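Thanks for passing this one along. Here are my notes, in numbered points, to read beside the model.

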Amino acid sequence: MRRFLARFLRDEAGATAIEYGIILALMFLVILSAVMAFGGTSSGIFNKAMNTLRGAMGG
């Protein structure tokens, strides 16, 4: 039992997976907040560009 606990405490493979999970979660939050902050602005720009293209095409 002591060998198992000692080996378990020395094993760092799980810690790496948790660190990657935390990094991924933080990246998701940054992307989500950027989309929320700039979503309305970019939507207006996209709609203006589409309306300009429709007008140029005669529609």
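Is Met 36 buried or exposed, and at what relative accessibility?

1. Met 36 counts as exposed, because its relative accessibility is 66%. For the cut-offs, exposed means over 50% relative accessible area, buried under 20%, and partly exposed in between, with a 1.4 Å probe and protein chains only. Met 36 sits in helix H2, which covers residues 13-56.

2. A word on the ground rules. This is a predicted model, where local features need pLDDT of at least 70 and side-chain atom pairs count only at pLDDT 80 or more, while totals for chains, interfaces and linings use all residues. Residues are numbered from 1 along each chain as its sequence is written, and side-chain values use heavy atoms, with hydrogens and water left out.

3. The protein has two helices and zero strands. Both kinds of element are DSSP runs numbered from the N terminus (helices: H or I, at least four residues; strands: E, at least two). Helix H1 spans 2-10, and Glu 12 is found in the loop between H1 and H2.

4. Now the overall dimensions. The C-alpha trace extends about 80 × 20 × 10 Å along its principal axes. Its radius of gyration is 25 Å, whereas a compact globule of 59 residues would come near 10 Å. That radius is taken over C-alpha atoms, and the globule rule is 2.2 Å times the number of residues to the power 0.38.

5. Glu 12 and Ser 42 are 30 residues apart along the chain and separated by 43 Å; Lys 48 and Asp 11 are 37 residues apart and separated by 56 Å. Glu 12 counts as exposed because its relative accessibility is 59%. Lys 48, in helix H2, is exposed too, at 61%.

6. What share of the 59 residues counts as buried? The share is 0%. The protein exposes about 5700 Å², with 71% supplied by carbon and sulfur atoms. Accessible areas here follow the Shrake-Rupley method with a 1.4 Å probe, and for residues only the protein chains shown count as cover.
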